[in-house]
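User: I've got a structure open and I'd like to work through it by asking questions. Can you take me through it?

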Amino acid sequence: MLMNPVNAAVAPRGRTVLLSSVSSDSHTWNLVFLQLLLEEMGHRVINLGACVADELLVQECSAIRPDLVVISTVNGHGQADGLRLIGKLRADPETRDTPVVIGGKLGITGGAPEGMARRLVEAGFSAVFQDDADPAALGRFLAALEDRAEPRREVAAP
Ligand code: B12
């Protein structure tokens with residue numbers, strides 16, 4: 001496992017991360033990038049891949065009980081897919097309290113339109129990472145997670 005002093009500083013202990021895209025999104029290199037990034041920070045990553053059905057994600061989240069679910073989407077349908085998905089995760093008693101973050105190219109012009117991040121957080125995401133967010137912010141979010149903590153609600157600044 002790769003671990004440099006900077007990443008060691010933000011990962012006091014490894015977490016289990018369930019990484020996935022959304023059902024409409026077939027892009028994969030974003031997932032490869034995030035898996036490598038998180039593993040280098042010292043976390044365990046289960047990568048469900050691209051075009052994951054909402055029901056499969058809820059099922060896997062319920063079975064694996066990860067410390068964090070990371071949703072990556074870049075095809076421009078992030079808001080619609082994200083809102084639908086988080087509704088299902090928050091409706092299931094098994095996954096209701098699991099921290100879930102979403103990031104990538106959330107809108108059709110890369111960034112997220114005004115208010116989109118706020119709507120995603122209000123719908124239940126624990127944090128939203130815009131396309132230009134510092135990837136280290138995800139590491140800081142993970143490092144700040146407490147065991148079995150209630151989901152945090154925030155919008156990450158770039
Ligand atoms: C390769 C590619 C494809 C390939 C994908 C092959 C594959 N196996 O992945 C193919 C040809 C299949 C494809 C299809 C489509 N694509 Co495409 N694709 C690209 C392209 C050229 C590169 C994407 C890539 O691999 N990047 C490398 C990875 C490592 O970086 P990334 O994806 O940008 O992710 C970074 C950040 O977003 C961030 N990030 C991502 N997720 C998360 C999550 C969190 C939590 C955090 C913190 C950060 C984070 O971290 C990554 C590293 O910085 C981009 C344009 C571009 N130059 O980016 C378009 C692009 C993503 N595609 C686009 C589009 C529109 C499509 C199609 C809809 C085209 C069409 N009309 O059919 C389809 C969608 C298919 C689908 N069902 O999803 C648009 C999306 C528009 C938007 N959101 O603004 C882009 C941006 C091109 C454009 N400029 O218009 N595509």
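User: How do the residues of the shell around the ligand divide into nonpolar, polar and charged?

Analyst: Keep in mind that this is a predicted model, where local features need pLDDT of at least 70, side-chain atom pairs count only at pLDDT 80 or more, and totals for chains, interfaces and linings use all residues. Residues are numbered from 1 along each chain as its sequence is written. Here Ala, Val, Leu, Ile, Met, Phe, Trp, Tyr, Cys and Pro count as nonpolar, Asp, Glu, Lys and Arg as charged, and the others, Gly among them, as polar. The shell around the ligand then splits into eleven nonpolar, twelve polar and three charged residues.

User: Which element gives the most to that shell?

Analyst: Helices (H or I, at least four residues) and strands (E, at least two) are DSSP runs, numbered from the N terminus. α2 (29–40), β3 (68–73) and β4 (100–104) each bring at least two shell residues. The top supplier, with four residues, is α2.

User: How many residues of β3 are buried?

Analyst: A residue is buried if 20 or more other C-beta atoms lie within 10 Å of its own, exposed if 12 or fewer, and partly exposed in between, with C-beta atoms placed from the backbone. L68, V70 and S72 point one way from β3, while V69, I71 and T73 point the other way, and all are buried. So for β3, being mostly covered, the count is six of six.

User: Which residue in β4 does T73 stand opposite?

Analyst: Two strands pair if DSSP finds at least two bridges between them. β3 and β4 run parallel and are joined by five bridges. Across from T73 stands G104.

User: Is L18 buried or exposed?

Analyst: L18 sits in strand β1. Two residues are in contact if their C-beta atoms, placed from the backbone, lie within 7 Å, and beyond its neighbours within four places in sequence, L18 is in contact with I46, L48, E60, C61, I64, P66 and V69. Because L18 has 23 C-beta neighbours inside 10 Å, it counts as buried.

User: Where on helix α6 do its buried residues fall?

Analyst: In α6 (residues 136–144), the buried ones are L138, G139, F141 and L142. Looking down the axis of α6, they fall within an arc of 160 degrees (taken from the directions from the helix axis to the C-beta atoms), so they line one face of the helix.
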